[in-house]
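Take a look at the structure below. We will follow its charged pairs, then turn to one residue in a helix.

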Amino acid sequence: MQATIDHKKLFLASRIALIVTAMTFAFRASLEGVWGAEFHLSKEEIGWIFSPAFWGFTLAMVFGGPLCDVLGMKRLLVFAFIGHIGGIIIYLVAKDATMLFIGTLFIGVGNGMVEAACNPLVVSLYPNNKTTMLNRFHVWFPGGIALGGLIAYVLLEQMKMDWRVLISILFLPAIIYGILFFRLKFPPTERVTRGISTGTMFTSILKPLFIIMLLCMFLTAATELGTNQWLVALLQGAGVSGILVLVFINGIMALGRSFAGPVVHRLNPNGMLIFSALFALIGLVLLSQASGYAAFGAAFVFAAGICFFWPTMLGFVSEYLPDTGALGLSLMGGAGMFSTSLILPLMGKWYDNFKNEAISKGVDVGQADAIAGSNTFLKVAIMPAVLLVVFILIYISRRKFYAAHKQAQQSLAS
C-alpha cells in the first residue's frame, strides 16, 4: 500500500472504471437487435431488459452516497468491481431474457458504485478546479462509448462474431481498474476535509435550488442517455449505420469535455446548461428529419448539446451547493439513472406504437422504421425544450439575487 496519495494514478484508475461503465452502454446499444432476434423480444421488452442497468445504478448511488464517508470510496469501488465481474459472467451464461435482466442489474450496480465513489474522489483530488476536472473525468464516458461502439461495429457488423466474444472484452479493463484501486491510498472526501457535518449535508439537499436541479437531472439524463441507448434502433430506417453515428456523437462529446476548461470559464455552469439544452433541442429536431450522411450533421449538433450535460449538472451542485457533499452528487447521479430506466421502455413503446400505426396505414416496414424513429426523436425533444426554459429562469433569478446581495453589501459599507 502506498504511503501517499497518488493523484494521477487515482484519476487514471477512475477513468478506466468509467470506461468499463461506458462500454457496457455501447455494447447494450449494439446488441439490441441481436438479443431481440435471439430471445424473440419486442422493442419494449428490450427496454425493460436494459432498464435494470439504471435501477441498479440508481440504488448503488443513492445508498453509496450516504455511505461514501462511512465505508470509504475504496470499499465502494470493491463493490463496483464485484458488480461488473458478476454481470459479465451472468451475461456470458445467459439462456433467456431473465438472465439478461439479472446480468444487466449487476452491471448497473457496478456502474453506480463507480459514479458514487469516483465523483467525490475527483472533487476531493481537485477541490479548486471541480467543474473542469469533472468534465475531464467524464470525457471517458463518451470516450468509452465511442471505443465500445467501434469494437462492436468491427466484431458484430464486420466480423460477424458471437455477441459473447464482445461481452468478454469487458473483463480486461475491469481487472485493470480493480488492481489499480486495490493498491492505491485514497484521500478523505471533500465534506470531511471541510468539516461539514452529516446533519448539514442532509439538510442541504432540502434546499429549493437542489431540488430543482434534481428534477432537471431527470430530463438531462433521459435526453442524453435515453437517446444514445436507443440511437441504433431509431436510425435503422434512416439509411445509415446507427452504431457509427453513436460512435461519432460520443467522439464529439469526448473531444468537447477534454477542452471543457475554457468553456466553463467563459460561460459558467449555468450558462453551459442553457447552451446544452438549446443545442440538444435543435439536434433532436434535426435527427428526426435526417437521413443518410446528413444524420452525422444532425448528430454533431446533438452531441454539442449533450456534451456537457452530465458533468456540468454535477459541477453546478458541487460549485453552488457544496454542503450537499457526496450525498448531493450521488442523488444527482441516481436521479439521472433512474429517469433513464423509466425513459428506455417508454421510448421503446413509442417506437413500437409509431411503427405499428404506420404499418396499419399500408406503409412498408422500412419506411415504418424511419417514421417511428423520426417521431420518437420529436417526442424526446420536449425534454430539452422544458430544460431550456428552466435554466434560463435559474440564470435570471441568480443574477437578481447576486445583484440584490451586492447592493445590500454596498449599503452596509456606506
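**Salt bridges and a buried threonine**

E38, D162 and R164 are linked in a network of salt bridges. A salt bridge here is a side-chain nitrogen of Lys or Arg within 4 Å of a carboxyl oxygen of Asp or Glu. Side chains of opposite charge can pair when their charged atoms come close. By this rule the count comes to five salt bridges.

A word on the model. It is predicted, so local features need pLDDT of at least 70 and side-chain atom pairs count only at pLDDT 80 or more, while totals for chains, interfaces and linings use all residues. Residues are numbered from 1 along each chain as its sequence is written, and side-chain values use heavy atoms, with hydrogens and water left out.

Start with E38 and R164. Their side chains form a salt bridge, at 3.3 Å from N to O. Which parts of the chain does this pair link? E38 sits in helix α1 (residues 7–39) and R164 in helix α7 (residues 163–168), and the two are 126 residues apart. Helices (H or I, at least four residues) are DSSP runs, numbered from the N terminus. E38 is partly exposed, with a relative accessible area of 36%. R164 is also partly exposed, at 23% relative accessibility. The cut-offs are these: buried means under 20% relative accessible area, exposed over 50%, and partly exposed in between (1.4 Å probe, protein chains only).

Now move to R257 and E224. The closest N and O atoms of this salt bridge are 3.7 Å apart. R257 lies in helix α12 (residues 242–258) and E224 in helix α11 (residues 208–234), so the pair ties together parts that are 33 residues apart in sequence. Are these two residues buried or exposed? Both R257 and E224 are buried.

Next come D369 and K355. Their side chains meet in a salt bridge of 3.0 Å, N to O. D369 belongs to helix α17 (residues 365–380) and K355 to helix α16 (residues 325–360), 14 residues apart. D369 counts as buried, at 9% relative accessibility.

Stay in helix α16, where T340 lies. T340 is buried, with a relative accessible area of 0%. What does the side chain of T340 reach? It reaches the backbone oxygen of G336, at 2.8 Å. T340 also touches F54, A221, A222, L225 and G226, not counting residues up to four places away in sequence. Touching means contact, with heavy atoms within 4.5 Å.

Key
A polar contact is a pair of N or O atoms within 3.5 Å; within protein, one must be able to donate a hydrogen and the other to accept it, and residues adjacent in sequence count only if both atoms are side-chain atoms.
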